[in-house]
Amino acid sequence: MSTDDTTTNTEAVTGTVDIVLAGARGHGRWHLENIRRLQDKGIVRLAGICELTPLTGEEIPDGLGTPEQSADFGALLDSTGARIAVICTPIPTHTDLALAAAERGVHVLLEKPPAPSYAEFRRMADGVAAAGIACQIGFQSLGSHAVPAIRRLIEEGTIGEVTGIGGAGAWARAESYYRRAPWAGKRRMNGVDVIDGALTNPLAHAVATALALADASRAEDVTRIETELQRANDIESDDTSCVRVTTASGLRVTVAVTLCAEDPGDPYVVVHGDRGRITYWYKQDRVLLQRAGHGPEEYEYGLTDLLENLVGHLTDGDELLVAPEATGAFMKVVEAIRLAPDPAPLPASAWRLLPDEERRVVPGIDGLVAAAADSLALYSELGADWARPHEANEVST
């Protein structure tokens, strides 16, 4: 996981850094709290909030004062003189907002997924590079100190030769989750790509982290992508899906996910070696090392916040952790999913409704998700009778 080679404009950023947050509701509330944490440390100041409907005083956490509010992102950047924009808005808006910031010399923390298509990603990445600004992509799991620690274990041969990497995510989402926003669960809206599926949004960290541990973060590191996309819910996008990526070095990376788990658990990535395995629960920053001739060893690691890292990059020259180019391989997966046939609806016999929780469950899916991560096989190869044979996409870079 390395940074972009682009030189960024950091010389003028000193002292407390003013921030504008675009998208302060939904997941944006997490960013408000994080900005408050950093403001309490004297690192940043929330100068502005961009929302179509202004936040009420009750919606702004105590300690953040009365930041300027506007629905006009560019005008807000101009009036506040902010040095960083945190963009947590609907996926199709990411590129244009990032470029609007770049045109003004404003550095960016851009929520994942960075764009709904590879073309939009390239337009964003090339634009911010040309402007000379720093851009951090919000894959927070890549800020974990566990990632370089696992990479060191791999390089030292601790589990022997790596034979593949699996990822598993068995989560649950109520039907109301897909009503949280007009774009939720959509592949396209008003002719514009959205691609809000399980692999590309809620469990995108599993994909990006698996690729990072495979040392295959950049677009050119991917040669083949196979997808199986299904849905139990009445949506356009996938909620039960898997993807297998073949890297330029020949390694296979298989990630299987669902939002229809029977017994939801923490997602994880597992590195398979011919003399052991490393399991990484990325939401806990917890690592389990299992190898021949040794008892299991468990470790917990710290986490570098990505906004704090971006500020440190601008003020102190810290290495940027998740530059756009370090998400190029992930965006190739997004593109393969975008180009794949629309997710197949599961037959009514393959899922059931839990009335008390108002969510749909696919019986047996928890075991299939784990088996895919263990065996690097796709659902159809594991014998799921509802799985549509995979689509293979050759990827050119």
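**Ground rules.** I note that this is a predicted model, in which local features need pLDDT of at least 70 and side-chain atom pairs count only at pLDDT 80 or more, while totals for chains, interfaces and linings use all residues. Residues are numbered from 1 along each chain as its sequence is written, and side-chain values use heavy atoms, with hydrogens and water left out.

**Confidence.** I looked up pLDDT, the predictor's confidence in each residue on a scale from 0 to 100, and found that the protein chain averages 95, with 95% of the residues scoring at least 70. Over residues 1–7 the pLDDT stays under 50, and for this stretch the model has 16 contacts beyond four places in sequence, a contact being heavy atoms within 4.5 Å.

**Helix H5.** I took helices as DSSP runs of H or I with at least four residues and strands as runs of E with at least two, numbered from the N terminus. For burial I used under 20% relative accessible area as buried, over 50% as exposed and anything in between as partly exposed, with a 1.4 Å probe and protein chains only. In helix H5 (residues 146–155), 7 of the 10 residues are buried, so the helix is largely enclosed by the rest of the structure. Among the buried residues I listed Ala-146, Ile-150, Arg-151 and Ile-154. What covers the buried residues of H5 includes strand E7 (162–170), helix H6 (204–213), E13, E14 and E15.

**The open sheet.** I then traced an open sheet of 6 strands, with parallel pairing and the order E3-E2-E1-E4-E5-E6; two strands pair if DSSP finds at least two bridges between them. Its edge strands are E3 (68–70) and E6 (135–137), each of which pairs on one side only. Neighbouring strands of this sheet are turned by 20° against each other on average, direction ignored, where axes are lines fitted to C-alpha atoms, for helices over the stretch in contact, and angles run from 0 to 180 degrees between N-to-C directions. Strand E4 (residues 84–87) pairs with strand E5 (residues 107–110) in the parallel sense over 4 bridges, and the bridge partner of Ile-87 in E5 is Leu-110. Helix H3 (residues 94–103) lies across E4 and E5 and runs at about 175° to E4. Beyond E5, in the loop between that strand and helix H4 (118–131), I found Pro-113, which a cis peptide bond joins to Lys-112, with omega at about -15°.

**Leu-307.** Is Leu-307 buried or exposed? Leu-307 is buried, with a relative accessible area of 2%, and its place is in helix H7 (residues 306–316). Leaving aside neighbours within four places in sequence, Leu-307 has contacts that include Ile-19, Leu-38, Ile-84, Val-86 and Leu-109.

**Aromatic rings.** I counted 6 aromatic pairs in the structure, under the rule that rings of Phe, Tyr and Trp (its six-membered ring) pair if their centres lie within 6.5 Å, with planes under 30 degrees apart counted as stacked, over 60 as edge-to-face and the rest as tilted. The rings of Tyr-268 and Trp-281 have centres 6.3 Å apart and planes at 50°, so this pair is tilted. The pair links distant parts of the chain, 13 residues apart, with Tyr-268 in strand E13 (residues 268–273) and Trp-281 in strand E14 (residues 276–281); both residues are buried. For Tyr-379 and Trp-386 the centres are 5.5 Å apart and the planes at 65°, so that pair is edge-to-face.

**Around Arg-286.** The charged end of Arg-286 sits over the ring of Trp-281, 4.0 Å from its centre; this requires NZ of Lys or CZ of Arg within 6 Å of the ring centre and within 35 degrees of the ring normal. In E16, Glu-300 is the bridge partner of Arg-286, and 4 bridges join the antiparallel strands E15 (residues 286–291) and E16 (residues 297–300). Their hairpin has 5 residues between the strands, and Gly-293 takes a positive phi near 80° there. In the loop between E14 and E15 I found Asp-285, a residue other than glycine whose phi is positive, near 55°; at 11% relative accessibility, Asp-285 counts as buried.
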